[in-house]
Amino acid sequence: MRAACSHNLDMAIPLPHLLHPMVAVAPAPGPPSPVTAPSQDELKRVAAHRAVEQVESGMVLGLGTGSTAAHTLDRIGDLIIRGELRDIVGIPTSEWAAARAASAGIPLTDLNAHPVIDLSIDGADEVDPALNLVKGRGGSLLREKMVEGASRRFVVIVDESKLVPRLGASGLAVPVEVIPFGWPLTLRRLQNLFDGVPGFNLKLRTAATNAKASTFCENWSDLEPFVTDNKNYIVDLFFENGIHGDLNRISDEILRITGVVEHGMFLGLASSVIVAQKEGIVVMNKEGISNGI
């Protein structure tokens with residue numbers, strides 16, 4: 001359900017020169033300048049700040065990766081500096097997140113010291129109506145899933161462009177992390193798993209790949225592979241019409257392929273999703289949808 005929008009009404013004003021012909025009248029003001037729509041980055045910032053409202057002093061936090069998570073880390077760091085949050089420690093989901101959090105002044109720890117996390121906040125590449133996610137187009141899916149799977153609560157922050165009717169429906173990559181040894185064999189087995197699925201394609205991600213794009217250059221095999229923080233490779237899966245069928249079964253079938261480390265479908269992990277729309281904030285949770293402020 002979307003927040004109600006207010007509308008401005010133009011009032012008709014009598015023309016003064018018809019009432020006082022001898023009096024010079026200033027030109028009537030033109031229509032008001034149109035309000036500039038918020039950018040995608042501004043929407044991400046609004047959602048991130050709303051999520052940080054759930055952070056309390058003394059918490060162990062899972063720290064997400066990516067452009068949306070950057071707003072979260074900066075906000076948490078600002079509240080720590082101002083003394084509004086105390087005794088916070090964070091577990092980063094990537095080397096990037098560790099560096100960004102440290103620069104923001106967030107003390108860091110790890111899963112060995114804190115195997116249970118109070119709250120994780122992160123973005124997502126896709127969100128379906130059941131709050132299943134696609135994550136990992138930035139390459140950090142394994143650590144993200146480990147941290148967010150160890151969390152009591154996992155809050156996802158997105159703008160409305162990330163909402164899809166089913167996972168994979170954006171036409172963008174569903175990543176699968178694989179070990180480098182024998183990766184062509186692993187890729188072929190993934191191809192065989194989805195053999196016959198209309199519009200299916202897959203490719204090894206390269207260092208030059210834009211994982212947010214729906215197509216790769218044709219000479220991808222001549223380029224250096226993208227390497228994750230865990231020193232693994234990524235095979236990107238593409239579904240022209242999204243993933244149909246039992247997601248849990250498909251997840252299990254992918255993970256049973258020897259050489260696969262993890263995939264980017266996050267099934268049943270999100271506690272809630274905060275969606276920044278041009279009309280305002282909407283919060284999606286397992287019980288339904290509510291409007292925010």
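A: The answers below concern a predicted model.

Q: How many cavities of 30 Å³ or more are there?
A: The count comes to two cavities of 30 Å³ or more.

Q: Which elements give two or more residues to the lining of the largest cavity?
A: They are strand S1 (60-63), helix H3 (67-81) and strand S3 (117-122). Among the lining residues are Val55, Leu61, Thr72 and Ile121. The lining divides into seven nonpolar, three polar and no charged residues.

Q: And what lines the second largest cavity?
A: Its lining includes Thr93, Ser140, Arg143, Glu177 and Asp229. Helix H5 (residues 141-149) gives the largest share, three residues. Here the division is two nonpolar, five polar and three charged.

Q: Now the rings. How many aromatic pairs are found in the whole structure?
A: The search finds three aromatic pairs. In one of them, the rings of Phe194 and Phe239 have centres 5.2 Å apart and planes at 80°, so this pair is edge-to-face.

Q: Where in the chain are those two?
A: Phe194 is in the loop between helix H6 (183-193) and strand S8 (200-204), and Phe239 is in strand S9 (residues 233-239), 45 residues apart. Phe194, Phe200 and Phe239 form one aromatic cluster.

Q: Is Phe194 buried or exposed?
A: Phe194 is buried, with a relative accessible area of 6%. Phe239 is buried too, at 3%.

Q: Which charged ends sit over the ring of Phe266?
A: The charged end of Lys135 sits 5.6 Å from the ring centre, and that of Lys145 sits 4.9 Å from the ring centre.

Terms used
Residues numbered from 1 in each chain as written. Predicted model: local features only at pLDDT ≥ 70, side-chain atom pairs only at ≥ 80, totals over all residues. Heavy atoms only, no water. 1 Å grid on protein atoms, 1.4 Å probe; cavity = no way out; pocket = protein on both sides within 12 Å on 5 of 7 lines; lining within 4 Å. Points joined across faces, edges and corners; volume = space filled by probe spheres on them. Helix = DSSP H or I, 4+ residues; strand = E, 2+ residues; numbered from the N terminus. Nonpolar A, V, L, I, M, F, W, Y, C, P; charged D, E, K, R; others polar. Phe/Tyr/Trp six-rings, centres within 6.5 Å; stacked < 30°, edge-to-face > 60°. Buried < 20%, exposed > 50% of the residue type's maximum accessible area, 1.4 Å probe, protein only. Lys NZ or Arg CZ within 6 Å of the ring centre and 35° of its normal.
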